[in-house]
Amino acid sequence: MSAPTIEVLFTAEEIAARIAVLAGEIRDAGFRENLLVVAVLKGGFVFAADLIRALHGAGVAPEVDFMSLSSYRAGTTSAGTVTVLRDLETDVAGRNVLIVDDILESGRTLAYAKRLLAERGATRVGLAVLLDKPGHRVAEIEGDFVGFTCPDLFVVGFGMDMGHAFRELPYIGHVVKPQ
Ligand code: IMP
Ligand code: MG
């Protein structure tokens, strides 16, 4: 079987330019002070790594913590079940919090994360996603800061995987299955 080919959708240069713009938007939207960036593992780690450095360039000095969530898509239950696999070490009470993830699709996991951090007393919880796939939304949630609207394709790279592969690609691509 030959290796799959990957069609580039967003180049490394396009992504870098967009992240720089997002960082300015995040600063200007009032997340500048007392900011905690919550990177959602695993898919969000590359975007979060570049975003915090762009935030530095925009004059923002965030703290960073990590969270890992698993979403179990139980049958036809739209709510699904979300489990916290790795929780934050940081107390979010009274802080500006920015959740950072790779893709907003059904929105189940991120709606859960937003609600959880708000319940813990965060002053404000924003959501930054590199890609928005709006066609499959189940939860009532939108990204506050969105890198790109993504076509309805399975994408990899820039932290996103297919069966644990391709996270290391510096661009975002679509996997074309070999014939
Ligand atoms: P949801 O919004 O709760 O449905 O979860 C979206 C998550 O599904 C993302 O954070 C990714 O981990 C994963 N995902 C969705 N679409 C893709 C894709 O095209 N490539 C890789 N992972 C995806
Ligand atoms: Mg994810």
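What share of the 179 residues of the protein counts as buried? In this predicted model, where local features need pLDDT of at least 70 and side-chain atom pairs count only at pLDDT 80 or more, totals for chains, interfaces and linings use all residues. Residues are numbered from 1 along each chain as its sequence is written, chains are lettered from A and ligands numbered from 1 in the order in which they are written, and side-chain values use heavy atoms, with hydrogens and water left out.

The answer is 46%, with buried meaning under 20% relative accessible area (1.4 Å probe, protein chains only).

As for the fold, the protein holds 3 helices and 9 strands, taken as DSSP runs (H or I, at least four residues, for helices; E, at least two, for strands) and numbered from the N terminus. Read from that end, the order is β-α-β-α-β-β-β-α-β-β-β-β. The radius of gyration is 16 Å, close to the 16 Å that the globule rule gives for 179 residues, so the protein is as compact as a globular protein of that length. That radius is taken over C-alpha atoms, and the rule is 2.2 Å times the number of residues to the power 0.38.

Strand β2 (residues 35-41) is mostly covered, with 6 of its 7 residues buried. Its partner β5 (residues 96-104) runs parallel to β2, over 5 bridges; pairing here takes at least two DSSP bridges between two strands. Within this pair, Val 38 sits opposite Ile 99 of β5.

Technical notes
Buried means under 20% relative accessible area, exposed over 50%, partly exposed in between (1.4 Å probe, protein chains only).
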